[in-house]
Structures are given as C-alpha cells and as structure tokens.
Amino acid sequence: MSHPAKAELRARALAARDSLPSDVRTAAAEAMAAHGLPFELASGAVVSGYSPIRSELDPMPLMLALAGQGARLALPCVTARGQALIFRAFVPGDRLMLGPLGIPEPSPIAPEVVPEIMLVPLAAFDGRGHRIGYGAGHYDVTFAHLRKTRHVVGIGIAFAVQEIEEVPALSHDVALDYVLTETRLFDFRSSEVAHSLRR
C-alpha cells in the first residue's frame with residue numbers, strides 16, 4: 001500500500017515537473033550534460049539511462065556526452081511487475097522498440113549487460129537522498145538485486161522543482177548516491193543516514 005502522504009507528494013512534484021515549458025526542459029537536459037558526472041568515469045564503464053516518458057528530464061544528452069568519454073550505454077527493459085529490470089546495450093542511433101509498459105527499450109537481441117552506474121528517473125527526492133518513484137517499485141527491486149553482488153552507483157535525475165522537504169520515513173524508495181538536477185549536484189555518499197541505509 002502506498003502511503004497517502006507519499007502519493008500526494010508524488011502528485012505534487014509531478015505536477016510541478018509537468019508545468020515546466022518544453023524549452024526549459026530541453027535547456028535543463030543540455031545543462032545537465034554540460035555538468036557531467038561528479039566523478040571520473042572508468043573507460044568502458046556501463047552506464048544505464050532511461051528513455052524519457054511524459055515530462056521526465058531527458059538523460060540522452062548526458063548519456064551521449066558519457067559515451068564520448070568512453071562509457072558503454074545501456075537501457076532498462078521491463079520483464080514483469082515486481083521483477084528486477086534487465087539492461088541491454090544501447091548505441092546512440094539504435095532503433096528502440098516499445099516495451100510492455102509502452103516505454104522504448106532496446107531490441108531483445110541487444111546483449112544483456114550489468115550497469116555499474118544507473119541514471120534513475122524519479123517523481124520526487126529530498127535532501128537526504130531518498131526518492132519517491134512512480135509506485136511500481138522497479139528500481140527498488142533492481143537495486144536490491146544488483147547490490148547483492150556489486151556496488152552500483154545510483155544517480156537520480158530530476159528537475160530542481162522535484163525536490164521536496166522530506167520523503168516520509170518508511171516509505172522512501174532506495175537511497176541514491178547522488179541526484180543531478182539542471183542547477184546542482186547533490187552528493188549523499190558522505191551522509192551517515194545514507195550509509196546506514198545502504199549497508
């Protein structure tokens with residue numbers, strides 16, 4: 001069951017995001033790409049992004065910039081509700097297919113890869129690195145699954161207007177390492193709260 005406060009916070013943050021004019025959204029995507037990631041990218045690192053839907057901040061300009069720095073790109077594929085996402089290699093220019101949720105994803109013949117860095121869409125986030133997703137829990141399950149065997153860096157991608165004061169305790173989704181917005185970088189790795197949640 002979704003916490004009612006959480007549903008309301010999600011709706012409010014998404015309404016703020018939806019109200020941004022398209023030119024502002026485009027400029028934000030370019031600004032985020034220009035800032036880049038807050039750490040040195042290892043050559044060949046697998047970075048998963050996402051295909052933006054509705055009014056999501058488009059990570060493609062950032063992904064293209066990272067590919068130029070030697071990253072290998074991937075996009076998530078939905079398998080079934082409640083199941084971890086899988087990731088398939090994505091090369092800019094690849095034709096995508098509509099997945100089961102109507103979100104563009106790589107063809108089933110694209111090789112499956114395991115991301116080291118995940119760019120994650122979200123509805124809302126707070127200053128402690130907690131996110132509110134869209135309610136299906138895909139990313140929570142995926143992080144839990146992947147982090148059993150490796151450290152996966154989780155980077156939330158959001159517009160500044162999606163920041164809220166606090167995600168309700170016990171209802172927040174997986175803690176993120178960073179959030180990138182068009183105006184600033186949030187680094188949660190040093191916070192004790194984040195570390196205790198991530199153990």
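**Exercise 1.** Which residue in strand 10 is the bridge partner of Val120?

*Solution.* First, the ground rules: this is a predicted model, where local features need pLDDT of at least 70, side-chain atom pairs count only at pLDDT 80 or more, and totals for chains, interfaces and linings use all residues. Residues are numbered from 1 along each chain as its sequence is written, and side-chain values use heavy atoms, leaving out hydrogens and water.

Strands here are DSSP runs (E, at least two residues), numbered from the N terminus. Strand 7 and strand 10 run parallel, joined by 5 bridges; two strands pair if DSSP finds at least two bridges between them. Within strand 10, Val120 finds its partner in Gly156.

**Exercise 2.** Which residues of strand 10 are buried on each side?

*Solution.* Buried means under 20% relative accessible area, with exposed over 50% and partly exposed in between (1.4 Å probe, protein chains only). Side chains in a regular strand alternate between the two faces of the sheet. One side of strand 10 has Val153, Ile155 and Ile157, the other Gly154 and Gly156, and all are buried.

**Exercise 3.** Classify the ring pair Phe125 and Phe186.

*Solution.* Rings of Phe, Tyr and Trp (its six-membered ring) pair if their centres lie within 6.5 Å; planes under 30 degrees apart are stacked, over 60 edge-to-face, the rest tilted. There are 3 aromatic pairs in the structure. For Phe125 and Phe186, the centres are 5.2 Å apart and the planes at 70°, so this pair is edge-to-face. Phe186 also pairs with Phe188, stacked at 6.1 Å centre to centre and 15° between the planes.

Definitions and conventions:
Helices (H or I, at least four residues) and strands (E, at least two) are DSSP runs, numbered from the N terminus.
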